[in-house]
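Have a look at the picture and the sequence before reading on.

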Amino acid sequence: MLLKLGYDVYGCDVSTYAVNKANKLHNWKRCFVMDIQNTRDIRKISVKYHLITMFNTIEHIHNIESTLLNIKYLLDKEGILLVQTVNPLNPFILLDNDPTHINVHSPLYWKKVFSKYFSIVIIRNYRYFHGKLLIPCPLLGYITIIIAK
């Protein structure tokens, strides 16, 4: 969507398969293999970004602290990080037995962690309505949206 609006858009993933598939699907070469946890690789990047998004990613990351430091490094001065993750306070999360979800935490936990690295942290819980529309659901929303600056 942002690409269609004229923005420069890039993507990354730890999976070569996923990157190749994305580049082929979108007929571009702006997706690359990268581990956001690897500080040495991140420091090689000289471009600063206005917006970094992580949808259904942070719950899979082993080293949250280095990841947030690396993202902070990649963001420009006014840059924004937008994260979507699962909310463990929602009773339906008990149905989610994904063993790769190693970092599933409450919104209050995320607020505390993100506040170490970002000066503005906004956290809201939402749930899907008819699979598309997000509606606010303060406590038991299935997903947690984190906006950090």
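Predicted model: local features only at pLDDT ≥ 70, side-chain atom pairs only at ≥ 80, totals over all residues.

What follows is a short tour of the model, one topic at a time.

Residues are numbered from 1 along each chain as its sequence is written, and side-chain values use heavy atoms, with hydrogens and water left out.

pLDDT is the predictor's confidence in each residue, on a scale from 0 to 100. The chain has a mean pLDDT of 87, and 96% of its residues reach 70 or more.

Start with strand 7, which covers residues 143–148.

Two strands pair if DSSP finds at least two bridges between them. Strand 7 runs antiparallel to strand 4 (residues 75–86), and 6 bridges join them. V86, for example, has I143 of strand 7 as its bridge partner. Strand 7 also pairs with strand 5 (residues 121–129), again in the antiparallel sense and over 6 bridges. In that pairing, I122 stands opposite I147 of strand 7.

## Salt bridges

How many salt bridges does a search of the whole structure find? There are 4, where a salt bridge is a side-chain nitrogen of Lys or Arg within 4 Å of a carboxyl oxygen of Asp or Glu. One of them links R30 with D8, with 3.6 Å between the closest N and O atoms. R30 sits in the loop between helix 1 and strand 2, and D8 in the segment before strand 1 (11–13), so the pair ties together parts that are 22 residues apart in sequence. R30 is partly exposed at 27% relative accessible area, whereas D8 is exposed at 61%.

Another one joins E65 to K116, and their closest N and O atoms are 3.3 Å apart. E65 belongs to helix 3, while K116 is in the loop between helix 4 (107–115) and strand 5, so this pair connects parts 51 residues apart in sequence. E65 counts as partly exposed, at 32% relative accessibility, and K116 is exposed, at 52%. Then there is K149 with E78, where the closest N and O atoms are 2.9 Å apart. Since K149 lies in the segment after strand 7 and E78 in strand 4, the pair ties together parts that are 71 residues apart in sequence. K149 is partly exposed at 30%, and E78 is exposed at 52%.

## A nonpolar patch

Now for the surface. M1, L2, L5, Y7, L51, I80, I120, I122 and I147 make a nonpolar surface patch of about 870 Å². Patches are made of residues with over 30% relative accessible area and no salt bridge; like charges are joined within 9 Å, and nonpolar side chains (Val, Leu, Ile, Met, Phe, Trp, Tyr) within 5 Å. The areas come from the Shrake-Rupley method with a 1.4 Å probe, and for residues only the protein chains shown count as cover.

At 34% relative accessibility, I122 is partly exposed.

Most residues other than glycine have a negative phi. What is the phi of N27? The angle is near 55°, a positive value in a residue other than glycine. N27 is in the loop between helix 1 (16–26) and strand 2 (31–33), and with a relative accessible area of 71% this residue is exposed.

N56 also has a positive phi, near 55°. Its place is the loop between strand 3 (49–55) and helix 3 (64–74), and N56 is partly exposed, at 39%.

Methods
Helix = DSSP H or I, 4+ residues; strand = E, 2+ residues; numbered from the N terminus. Buried < 20%, exposed > 50% of the residue type's maximum accessible area, 1.4 Å probe, protein only.
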